[in-house]
Amino acid sequence: MVEIKNLCKNFGDKKAVIDVSFNIEEGEIVGFLGPNGAGKSTALNILTGFLSATSGSARIDGIDILENPLEAKKKIGFLPEQPPLYPEMTVKEYLNFCFSLKNCTLPRKQHVREICEVVKIVDVYGRMIKNLSKGYRQRVGIAQSLIGNPEVLIFDEPTVGLDPKQIIEIRNLIRHLGKNHTVILSTHILPEVQSVCDRIVVINKGRIVANERTENLINAVEGTKRLVAKIVGPEDSVLNLLRSTPGVKYAEKLGRRDTDSVSYLIESEERVDVRKPIFYALSKATYPLIGLEGDEINLEDIFIRLVDPDKKDKTEKRRRQTPPASRGSAEKG
């Protein structure tokens, strides 16, 4: 549905986008990530026809956005970070204005009504946009992107400035829209990508550094498998046993007690599964293993490794110093 091939964009001597290529299949929800200045917005502006490329191509359903912009843009619904709203208009006036602006040929009244029902703005249809909450204004912005029933929807930071309840509602709406549309979601909110997107494309310094299914993104970076084990036995002896187990790279006591057991953080050598060796070693030493769970790196850590490898060691140190029980809340803050 979306094909970007060898895309380059220069601003004078500045190379904003460098040989970027990726495809998005019909019906996919893809997260497009990158730090500030990475080239993310430039790539999206080329894809939506706001900028021309220095070289390369961007196609929507086989139509080149630069060679045939009108036909390509009919297939795109775009919500920029700042929704293009007219505060002095009512929602009804604004959506009908967008309908005319896009030269939409669908039955006007029925089409606009269906969109309002999908994005749940029927109850504010007659109200002025300036009097709506941030969440409702965002919904109106999404509604205008749906006019004409475009195959591809591009959302740039759709939940910025929303409260937690509104964020959940917009995420659910994006998931719902993904059932009938191809969606590109540009955002800095990593949990949002993890909960909504099927695939993640990461751009940094103008180049694609990762393009993976969300659940497989961990394979895009070098890393170790982390385990948290609850073990009953003399703490020093258990720790020495863990450190001497083949395949174990690092082990330390976390200091958390659960009745008579102690929790230990274990890191394996790269691509090594140490669960069975640990089980057999503890069994031979008669130290009961009463709990074992994965503690893999999260999306935030992966993102940092991809866009700033120099911070990898700091990330590792932070994770080791943060007990898993409190890590979840720390990462959400």
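Why is β3 largely enclosed by the rest of the structure? The model is a predicted one, and in it five of the five residues of β3 are buried, so the strand is largely enclosed by the rest of the structure. Buried here stands for a relative accessible area under 20%. The burial holds for both faces of β3: Ile29, Gly31 and Leu33 are buried on one side, and Val30 and Phe32 are buried on the other.

The strand belongs to an open sheet of six strands, which follow the order β6-β7-β8-β3-β9-β10 with mixed pairing. In this order β3 stands between β8 and β9. The sheet ends at β6 and at β10 (207–213), the edge strands, each of which pairs on one side only. On average, neighbouring strands of the sheet are turned by 15 degrees against each other, with direction ignored.

Strands of a sheet pair through backbone hydrogen bonds, in a parallel or an antiparallel sense. On one side of β3, residues 29–33 run parallel to β8, residues 182–186, and four bridges join the two strands. Within this pairing, Gly31 has Leu185 of β8 as its bridge partner, and Val30 has Ile184. The pairing of β3 with β9 (residues 199–204) is also parallel and also has four bridges. There, the bridge partner of Leu33 is Val202 in β9.

A helix packs on this sheet as well: α5, residues 134–146, touches β6 and β7 (152–156). The direction of α5 makes about 160 degrees with that of β6.

His188 lies between β8 and α7 (190–196). Leaving aside residues up to four places away in sequence, His188 touches Gly34, Pro35, Asn36, Lys40 and Glu157. Gly34 is 154 residues from His188 in sequence, yet the two C-alpha atoms are 7.5 Å apart in space.

A separate stretch of the chain forms an open sheet of four strands. Its order is β2-β1-β4-β5, and its pairing is antiparallel. The edge strands, pairing on one side only, are β2 (14–24) and β5 (63–64). Between β1 (residues 2–11) and β4 (residues 55–60) there are five bridges, and the two strands run antiparallel. One of the paired positions is Lys5, with Ser57 in β4 as its bridge partner. Helix α1, residues 40–47, lies across β1, β2 and β4 and runs at about 120 degrees to β1. Lys40, one of the residues touched by His188, falls within the range of α1.

Two strands pair with β13. Strand β11 (residues 226–231) pairs with β13 in the antiparallel sense over six bridges, and one of the paired positions is Ile231, with Val262 as its bridge partner. Strand β12 (residues 248–258) is joined to β13 by seven bridges, again antiparallel. In that pairing Val248 stands opposite Ser268. The two strands β12 and β13 form a hairpin with two residues between them. Thr259, in the turn, has a positive phi of about 55 degrees.

The last topic is the space left between the atoms. Rolling a probe the size of a water molecule over the atoms shows where empty space is left. The largest pocket holds about 790 Å³ of space. Its lining consists of 23 residues, and those nearest its centre are Lys73, Lys74, Ile76, Leu101 and Lys102. Which elements give two or more residues to this lining? They are α2 (69–73), β6 (76–79) and α3 (91–101). The most comes from α3, which gives four residues. By class, the lining has 14 nonpolar, six polar and three charged residues.

Technical notes. Residues numbered from 1 in each chain as written. Predicted model: local features only at pLDDT ≥ 70, side-chain atom pairs only at ≥ 80, totals over all residues. Heavy atoms only, no water. 1 Å grid on protein atoms, 1.4 Å probe; cavity = no way out; pocket = protein on both sides within 12 Å on 5 of 7 lines; lining within 4 Å. Points joined across faces, edges and corners; volume = space filled by probe spheres on them. Nonpolar A, V, L, I, M, F, W, Y, C, P; charged D, E, K, R; others polar. Pairing = 2+ DSSP bridges. Axes fitted to C-alpha atoms, helices over the stretch in contact; angles between N-to-C directions. Contact = heavy atoms within 4.5 Å. Buried < 20%, exposed > 50% of the residue type's maximum accessible area, 1.4 Å probe, protein only.
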